[in-house]
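Please look over the sequence and the model shown here before reading on. The paragraphs below lead through them one region at a time.

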Amino acid sequence: MQFFLDTLAGAVTGVITGFGIGGGTLLILWLTMARGTDQLAAQGINLLYFLPSAVCALVSHIKNRRVLWRAVIFATVAGVPVTVFAAFFAAGIDTSVLRRIFGGFLIAVGISELLRAVRKTDVR
């Protein structure tokens, strides 16, 4: 039964990721809350999960000529070193602190999205 639930969670988060909504965040929540996976392990699994999803999306975007290559180069040059630093930094932080930081991040994103939705519906 657990295999079925894990497969279902993977499929649902995969579909949500395909829509660009943030299925990886939900995958981390599933792994940590429902499966009891350690936060760092869940983040690692999420990164591995993201790679094939990103490749599929990139192929589709390249095919449809939606890739801004100058932005890709800038993001890669800036993002890779920061990601390496952040990974080493996160590895040295206690799991309970990481969970709080992640929870705070989710709350901040949720509030931001709610405020954006309110501004869009505010017709004058």
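**Salt bridges, a packed helix and the loops**

Glutamate 113 and arginine 116 both lie in helix α5, 3 residues apart, which is about one turn of the helix; helices here (H or I, at least four residues) and strands (E, at least two) are DSSP runs, numbered from the N terminus. The structure is a predicted model, in which local features need pLDDT of at least 70 and side-chain atom pairs count only at pLDDT 80 or more, while totals for chains, interfaces and linings use all residues. Residues are numbered from 1 along each chain as its sequence is written, and side-chain values use heavy atoms, with hydrogens and water left out.

Glutamate 113 forms a salt bridge with arginine 116, and their closest N and O atoms are 3.2 Å apart; the term stands for a side-chain nitrogen of Lys or Arg within 4 Å of a carboxyl oxygen of Asp or Glu. An α-helix has 3.6 residues a turn, so residues three or four places apart point the same way. Glutamate 113 is partly exposed, with a relative accessible area of 40%, and arginine 116 is partly exposed at 40%, where buried means under 20% relative accessible area, exposed over 50%, and partly exposed in between (1.4 Å probe, protein chains only).

How many salt bridges does a search of the whole structure find? The search finds 2.

Arginine 35 and glutamine 2 are 33 residues apart in sequence, and their C-alpha atoms are 9.3 Å apart in space.

Helix α2 (residues 23-34) has 12 residues and reaches 15 Å from its first C-alpha to its last, close to the 16 Å expected at 1.5 Å a residue, the expected span being 1.5 Å times one less than the number of residues. Which residues of α2 are buried? They are Gly23, Gly24, Leu27, Ile28, Leu31 and Thr32. These residues lie on the same side of α2, because they cover an arc of only 165° around the axis, where the arc is that of the directions from the helix axis to the C-beta atoms. The buried residues of α2 pack against α1, α3 (39-63) and α5 (95-121).

Glycine 36, which follows α2, has a positive phi near 70°. Arginine 65 has a positive phi near 55°, in a residue other than glycine; arginine 65 is placed in the loop between α3 and α4 (69-91) and is exposed, with a relative accessible area of 77%.

Finally, the surface carries a nonpolar patch formed by Met1, Phe4, Leu8 and Val12, with about 450 Å² of accessible area together. Valine 12, one of these residues, is in helix α1 (residues 2-18) and counts as partly exposed at 43% relative accessibility. Patches are made of residues with over 30% relative accessible area and no salt bridge, like charges being joined within 9 Å and nonpolar side chains (Val, Leu, Ile, Met, Phe, Trp, Tyr) within 5 Å. Accessible areas come from the Shrake-Rupley method with a 1.4 Å probe, and for residues only the protein chains shown count as cover.

Conventions: Contact = heavy atoms within 4.5 Å.
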